[in-house]
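Good morning, colleagues. Please look at the structure on the screen, and I shall take you through a few of its features in turn.

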Amino acid sequence: MSKHKNIKLSNIVILIIIALLIIPQTRQPIQVFLQKGIAMIVKPSVIDASERLKLTSYDWTLQDINGNNFDFSSAEGKVIIINFWATWCPPCIAEMPSLDKLYKKYTSNDDVVFLFVSNEETEVLYEFITHNNYAFTAYQPLTEYPQEFNVSSIPRTFIISKTGEIVIDKSGVADWDSEKVTATIDELVKAF
């Protein structure tokens, strides 16, 4: 009898979970919660030097949410962290706190440039950043990004060396405020 009771209870739990994932109001918070758990485990890895792509062009124009244009070529010769994301994307939302912490560590370092790039409307981005008290600003692309990025899914984050080599290329959620990422950025800043 207790075995039968356990099966019924587990079926009820599964049905409740499915119902919560179907209801639009509860789906995103649950997905974000699960993605945050994954982010705690997933650490971005450095690409082997022999396999790194190198940017062939810095011809890309963006605009921040305050209306200021940004010429990507002004970042050439610096360490660049680019995150492609959206406010509706659970993995993006889940990794944003760690990206914001990473941004805060380097905000006063002129050798490091952060670009949080989204195709969403300015008001949506502004509201998301303000609501979450993030320190970074968001950018919208005005022209096509360099071909080496080839973004087909989000979140997608790149860390680029001063010489234009893509050192980290990570699709999906990750913990960006890790010792490994910080050490990689510090090493890239010292190089050259």
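This is a predicted model: local features need pLDDT of at least 70, side-chain atom pairs count only at pLDDT 80 or more; totals for chains, interfaces and linings use all residues.

Is Ser-98 buried or exposed? Its relative accessible area is 12%, which is under the 20% limit, so Ser-98 counts as buried. A polar atom of the Ser-98 side chain lies 2.9 Å from the backbone oxygen of Glu-95. Leaving out residues up to four places away in sequence, Ser-98 touches Ala-174, Asp-175, Trp-176 and Asp-177.

I turn next to how helix α3 packs against α5. The axes of these two helices come within 12 Å and cross at roughly 35°, and the crossing is right-handed. On the α3 side, the residues involved are Leu-102, Lys-105 and Tyr-106; they meet Val-181, Thr-182, Ile-185 and Asp-186 of α5.

Finally, the nonpolar cores. The largest has 31 residues, and Trp-85, Ile-159 and Ile-185 have the most contacts inside it. Elements giving two or more residues to this core include α3, β4 and α5. Which element supplies the largest share? That is α3, with 7 residues. As for Ile-185, beyond its neighbours within four places in sequence, its contacts are Val-79, Ile-81, Leu-102, Tyr-106, Val-112 and Ile-159. There is also a second, separate core of 19 residues, with Leu-62, Ile-82, Val-151 and Ile-160 among them. In soluble globular proteins, nonpolar side chains tend to be buried together.

How values were computed. Residues are numbered from 1 along each chain as its sequence is written. Side-chain values use heavy atoms; hydrogens and water are left out. A nonpolar core is a set of buried Ala, Val, Leu, Ile, Met, Phe, Trp, Tyr and Cys residues joined through side-chain atoms within 4.5 Å. Buried means under 20% relative accessible area, exposed over 50%, partly exposed in between (1.4 Å probe, protein chains only). Helices (H or I, at least four residues) and strands (E, at least two) are DSSP runs, numbered from the N terminus. Contact means heavy atoms within 4.5 Å. Axes are lines fitted to C-alpha atoms, for helices over the stretch in contact, and angles run from 0 to 180 degrees between N-to-C directions. A crossing is left-handed if the near helix is turned anticlockwise from the far one by less than a right angle, and right-handed if clockwise. A polar contact is a pair of N or O atoms within 3.5 Å; within protein, one must be able to donate a hydrogen and the other to accept it, and residues adjacent in sequence count only if both atoms are side-chain atoms.
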